[in-house]
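I would like to walk slowly through one structure, so please keep the sequence and the picture in view while I talk.

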Amino acid sequence: MTDLKSLLPEELETFFGAMGESAYRARQVFQWIHEKDVSDFAQMTNLPLPLREKLSRTSLVTAATVERKLVSARDGTVKFLFGFADGEKVESVLMQYKHGNTVCISTQAGCRMGCAFCASTVNGLKRNLEPSEMLEQVQAAQRHTGRTVSNIVLMGIGEPLDNYENVIKFLKLVNHKDGMNIGLRHISLSTCGLVDRIDRLAAEGLPVTLSVSLHAPNDEIRRQIMPIANRYTVDELLDCCRRYEKRTGRRTSFEYALIRGLNDSPACAHELGSRLCGSLCHVNLIPVNEVKGKIYKRSEKVAVELFTKALESYRMTVTVRRSLGGDINASCGQLRAEHS
Ligand code: SAH
């Protein structure tokens with residue numbers, strides 16, 4: 001069975017051509033799937049009945065089931081547990097901001113990056129998500145809340161650049177003018193820092209905002225919490241971010257989870273500031289969300305303040321991430337499909 005939701009318009013046309021069907025019909029189906037959010041061929045009423053029957057014999061349109069939906073009483077954040085055809089489940093989070101609704105989607109079921117403070121990597125990687133399964137998280141979040149998604153962050157479960165081809169295809173699909181038409185400037189991709197893949201991404205002509213999970217000012221601390229730091233040094237990662245900026249004109253955003261006693265001293269802030277100084281960057285501080293079974297504790301409020309102040313003296317934009325959905329375990333690093 002071919003999953004039509006993962007096909008770009010030109011691929012859909014080729015698929016239809018091989019069935020002896022016209023490009024016009026392929027375009028109609030693309031519109032049903034992407035613009036009208038219909039996955040049942042029976043509802044594609046402008047297609048001839050024999051074509052609808054042929055499609056149901058040869059193909060499918062991925063649709064997720066809602067296994068669980070939790071709404072935060074604090075801030076209206078909605079956390080979904082979505083199920084796919086093979087029984088795999090992932091989480092997605094819809095957040096409301098003044099400027100619109102942002103959906104945080106998963107790119108893999110599980111993760112193999114092994115960051116020591118993150119819940120999503122505890123059971124390793126189960127499998128990559130298909131482009132359709134990423135798109136479906138965006139569509140289903142809209143469908144089940146009645147809210148329109150304006151921004152997307154690839155910051156849920158998984159390492160997007162470890163599922164490279166499928167993520168690229170997802171970006172092309174969600175950005176397509178005949179589809180959901182969400183601008184690339186409204187999409188952020190978060191990575192633990194796969195340098196070779198960031199370089200590849202820079203050459204794709206898909207200028208999404210890059211968020212880099214740095215979490216340490218030097219290799220020594222970074223290696224204690226992020227296995228990827230044994231593959232690439234902080235210097236190699238920062239050089240690569242500069243290349244990305246040059247090529248795409250997009251400002252890099254660095255994520256820094258503040259962990260008590262590990263990376264939250266003013267000395268760490270100064271070391272970070274002097275390394276990032278001079279580039280157009282934004283640092284997003286995230287007091288670490290405590291994860292069951294992990295030893296890492298969030299920094300004291302005063303430590304967060306001192307860290308922020310020290311870093312600001314290097315003239316960069318520093319923000320402390322507002323934690324949304326904390327009461328429903330929907331915050332950064334708390335996502336994990338417990339039911340898998
Ligand atoms: N794999 C990607 C995207 C997923 S995580 C990446 O590493 O960037 C999204 C962000 O949440 C990353 O910055 C990640 O390091 C951070 N994160 C993970 N666990 C966390 C925790 N317990 N508290 C705060 N942030 C966490």
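Predicted model: local features only at pLDDT ≥ 70, side-chain atom pairs only at ≥ 80, totals over all residues.

Let me begin with Thr308, which is buried, because its relative accessible area is 11% and the cut-off for buried is under 20%. Thr308 belongs to helix 10, which covers residues 301-312, and its side chain reaches the backbone oxygen of Val304 at a distance of 2.6 Å. If we set aside residues up to four places away in sequence, Thr308 touches Leu285, Val318 and Val320.

From there I would like to move to another helix. Val138 sits in helix 4, which is made of residues 131-143, and with a relative accessibility of 0% this valine counts as buried. What is Val138 in contact with, once its neighbours within four places in sequence are left aside? The list is Val103, Ile105, Val149, Ile152, Phe170, Met180 and Ile182. For a sense of distance, the C-alpha atoms of Val138 and Asn166 are 15 Å apart in space, and the two residues are 28 apart in sequence.

Now let us look at a loop. Asp162 is placed in the loop between strand 9, residues 149-154, and helix 5, residues 164-175. Is Asp162 buried or exposed? Its relative accessibility is 13%, and since buried means under 20%, Asp162 counts as buried. Leaving out the neighbours within four places in sequence, Asp162 is in contact with Gln108, Arg112, Met113, Leu125, Asn128, Leu194 and Arg197.

Next come the aromatic rings. The count of aromatic pairs comes to 3. One of them is formed by Phe80 and Phe82, whose rings are stacked, with 4.9 Å from centre to centre and 10° between the planes. Both partners are buried, Phe80 with a relative accessible area of 1% and Phe82 with 0%.

Asp37 has a relative accessible area of 25%, so it is partly exposed. For Asn181 the phi is about 60°, and its place is in the loop between helix 5 and strand 10, the latter being residues 187-191. Asn181 counts as partly exposed too, at 48% relative accessibility.

Two further residues bring together parts of the chain that are separated in sequence. Pro207 is in the loop between helix 6, residues 195-202, and strand 11, residues 209-213, and at 23% relative accessibility Pro207 counts as partly exposed. Pro207 and Glu245 are 38 residues apart in sequence, while their C-alpha atoms are 9.4 Å apart in space. Not counting residues up to four places away, Pro207 touches Leu184, Tyr244, Thr248 and Arg250.

The other residue is Asp327, in the segment after strand 14, which spans 317-320. How many residues separate Asp327 and Leu70 in sequence? The answer is 257, and yet the C-alpha atoms of these two residues are 9.7 Å apart in space. Apart from its neighbours within four places in sequence, Asp327 is in contact with Ser72, Ala73 and Arg74. At 35% relative accessibility, Asp327 counts as partly exposed.

Which residues come nearest to the ligand, of the 18 around it? They are Phe117, Ser190, Ser213, His215 and Asn289. The shell around the ligand divides into 8 nonpolar residues, 8 polar residues and 2 charged residues.

Key
Residues numbered from 1 in each chain as written. Heavy atoms only, no water. Near = heavy atom within 4 Å. Nonpolar A, V, L, I, M, F, W, Y, C, P; charged D, E, K, R; others polar. Helix = DSSP H or I, 4+ residues; strand = E, 2+ residues; numbered from the N terminus. Buried < 20%, exposed > 50% of the residue type's maximum accessible area, 1.4 Å probe, protein only. Contact = heavy atoms within 4.5 Å. Phe/Tyr/Trp six-rings, centres within 6.5 Å; stacked < 30°, edge-to-face > 60°. Polar contact = N/O pair within 3.5 Å; in protein donor to acceptor, adjacent residues only side chain to side chain.
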